[in-house]
Every structure is written in C-alpha cells, then in structure tokens.
Amino acid sequence: MVSHSGLLTVIERAARKVAPQLRRDFGEVQHLQVSRKGPADFVSVADKKAENTLVQELRKARPDWGFLLEEGGEIEGDPMKPRWVIDPLDGTSNFLHGIPHFAISIAVQEPRRDGRGWGEVTTGLIYQPITDESYWAEKSRGAWRHDQRLRVSARRDLSEALVATGIPFLGHGDLAQFSRIFGAIAPSVAGIRRFGAATLDLAWVASGRFDGFWESGLQPWDVQAGILLVREAGGFVTDFRGGSEPVERREILAGNDIMHSKLHKLLAGSLRNA
Ligand code: 2AM
Ligand code: CA
Ligand code: CA
Ligand code: CA
C-alpha cells in the first residue's frame with residue numbers, strides 16, 4: 001500500500017464525503033434545479049452543494065487557506081499559505097444528461113515566493129464518484145490510481161493513437177481554430193474522443209488510456225490537478241506554442257514526449273497555415 005501524505009488524506013476524505021451526495025443527485029437528476037451561467041453553460045444545485053461541502057471539509061482541515069472555486073470564485077486566505085483550486089463537478093453536461101462521466105477535481109497551489117500571485121501545484125486529486133476511481137499526484141512522488149503507479153502511454157505512432165479533445169460549445173472558444181486543428185490531427189490518428197470532462201481526459205492521459213489530449217478555453221479548476229497528474233506520470237503538458245503556460249494561455253496539449261511532439265507539429269502547422 002502506498003502511503004500518501006496527510007494532505008492527500010484530507011483531500012480524499014473531502015471528495016469521498018461529497019461523492020454519495022453527487023451519486024444521489026445523479027440518480028434524481030430530472031428533479032434537480034438547473035440554471036444557466038451563459039449560453040450552454042449550465043449549473044445545477046448539485047454543483048453548488050458539492051462545492052459547499054468541499055469548502056466546509058477542507059476549511060476544517062486547513063482553516064487559513066484560500067480557494068479558487070468554479071462556482072464561488074475566489075476566497076482569500078492567508079497569502080503565505082497555499083490555496084485550493086476546485087471544480088466540484090466537472091462534466092456537468094454529462095451529469096445533467098444522465099451520463100456517468102463526471103469528476104471532482106481538487107488541486108493545491110502554492111503562493112509564489114515573491115508574494116505575487118500563485119505558483120506551483122503540488123498536490124492534485126481527480127475522483128470519479130460513479131466508478132470510485134481516485135487519481136492523485138504529489139509533486140515528485142508520482143501519479144497514482146489508488147495504489148497503482150501511473151505512467152503515460154508508451155505509444156509512438158500517431159496511427160495507433162487515441163486522442164481526446166474538447167469541442168467549443170455555444171459562445172465558448174474558437175470553433176474555427178478548433179476545426180483547423182481537428183482537420184490536421186484527425187486524419188493522422190487512430191481515433192479522437194470527446195467525453196466532456198477535461199479533468200478525466202487528463203487523468204486518462206496520465207494513466208495511458210489516452211495517448212494525447214488538446215483543448216482550448218479551459219479554466220484553472222479544469223486542468224490544475226490533471227496537469228500535475230500527467231507530468232508526474234512522465235508526460236508533457238504545454239500550451240499550443242509548446243510553451244509552459246497552458247493555464248495562463250488557456251490552451252492545453254498533453255501526451256507522452258513523442259506523442260506530444262508529433263501532435264504539436266500537426267497543431268502548430270494548422271495554426272501557421274490559417
Ligand atoms: P464543467 O462541466 O465543469 O463546466 C470540457 O470541454 C470542459 O468544458 C468540461 O470540463 C466542462 O466543465 C466545461 N463545459 C462547460 N460547459 C460545457 C458544455 N456545454 N459542453 C461541454 N463542456 C462544457
Ligand atoms: Ca461549469
Ligand atoms: Ca470543469
Ligand atoms: Ca464544474
């Protein structure tokens with residue numbers, strides 16, 4: 001059995017506290033109150049309840065840490081302490097359609113040493129309530145599913161690669177850019193999947209189920225835990241230029257070193273020829 005840190009125990013306990021609540025709401029999804037944050041941007045009572053429970057639980061354990069929450073926004077804590085970056089329910093569209101592909105994502109982000117803003121993510125958990133799969137990573141201690149060490153896939157040929165992506169939806173993201181990238185990648189790979197939960201796309205790159213993943217327009221709570229997982233599983237994560245700002249630029253490309261570099265070539269080519 002792998003012993004993870006006390007902090008991970010705290011995080012996993014919080015996620016497991018929320019999971020039964022999410023499973024219950026998922027079972028009665030037709031009765032859930034749903035509202036819209038924007039076009040095709042739905043939020044349900046389940047998202048908010050889950051977030052509130054996570055905040056309560058994590059606050060009990062670390063009273064002075066701040067939060068960056070998908071639904072609640074930023075809550076300031078002690079600026080010298082880390083903060084929690086949380087997506088309480090990633091895959092809300094799936095959830096609301098009765099599709100059991102959704103997850104809770106929790107990341108711990110350290111303050112920058114110069115006191116200006118936020119730096120490294122040191123711990124991450126992505127938990128899938130329906131399958132009870134728990135993906136976690138700690139900086140320099142690897143990526144894991146339960147007590148099994150994760151490694152990105154070893155595939156080297158694009159023609160064998162299964163790649164995940166996200167498609168811009170009403171009012172979000174650049175559909176024309178997506179189409180160009182898709183047009184460049186689709187003819188070269190074995191398959192493309194769009195499952196609708198970015199956190200799980202990244203967890204599945206870390207575990208080798210997917211050979212690569214790209215998407216634009218994602219928010220910090222969609223990717224912070226997943227980026228750590230992929231990197232700790234030996235993978236590469238960059239923005240579309242190949243640079244180190246996937247969160248800041250809202251462009252993410254992930255895979256093992258060879259897949260990453262081959263996908264990057266196609267992607268960059270499609271943007272250059274635009
Ligand atoms: P959410 O479920 O937490 O909102 C994948 O494209 C990401 O975009 C998901 O992780 C999802 O996070 C977010 N998203 C928001 N609205 C969406 C929609 N209508 N369709 C697909 N994804 C959506
Ligand atoms: Ca949402
Ligand atoms: Ca999300
Ligand atoms: Ca969400």
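Phe-67 has Trp-84 in strand 5 as its bridge partner. In this predicted model, strand 3 (residues 66–69) and strand 5 (residues 83–90) run parallel and are joined by four bridges. Strand 3 also pairs with strand 4 (residues 73–75), here in the antiparallel sense and over three bridges. Leu-69 stands opposite Gly-73 of strand 4, and three residues lie between the two strands of this hairpin.

In a regular strand the side chains alternate between the two faces of the sheet. From strand 3, Gly-66 and Leu-68 point one way, while Phe-67 and Leu-69 point the other way; all are buried.

Across the whole structure there are 10 aromatic pairs. One of them is Phe-178 with Trp-214, whose planes lie at 20 degrees, so the pair is stacked. Phe-178 belongs to helix 4 (residues 175–185) and Trp-214 to strand 13 (residues 212–216); the two are 36 residues apart, and their pairing links distant parts of the chain. Phe-178 is buried at 10% relative accessible area, and Trp-214 is buried at 2%.

Phe-195 and Trp-204 form an edge-to-face pair. Phe-195 is partly exposed, with 32% relative accessibility, whereas Trp-204 is buried, with 13%. The two pairs are set out below.

| Ring pair | Centre to centre | Angle between planes |
|---|---|---|
| Phe-178 and Trp-214 | 6.0 Å | 20 degrees |
| Phe-195 and Trp-204 | 6.1 Å | 85 degrees |

The ring of Trp-204 also has the charged end of Arg-209 over it, 4.8 Å from the ring centre. Likewise, the charged end of Arg-62 sits over the ring of Trp-65, 5.6 Å from its centre. Phe-26, Phe-95 and Phe-102 are linked into a cluster by ring pairs.

Conventions:
Residues numbered from 1 in each chain as written. Chains lettered and ligands numbered in written order. Predicted model: local features only at pLDDT ≥ 70, side-chain atom pairs only at ≥ 80, totals over all residues. Heavy atoms only, no water. Buried < 20%, exposed > 50% of the residue type's maximum accessible area, 1.4 Å probe, protein only. Pairing = 2+ DSSP bridges. Phe/Tyr/Trp six-rings, centres within 6.5 Å; stacked < 30°, edge-to-face > 60°. Lys NZ or Arg CZ within 6 Å of the ring centre and 35° of its normal.
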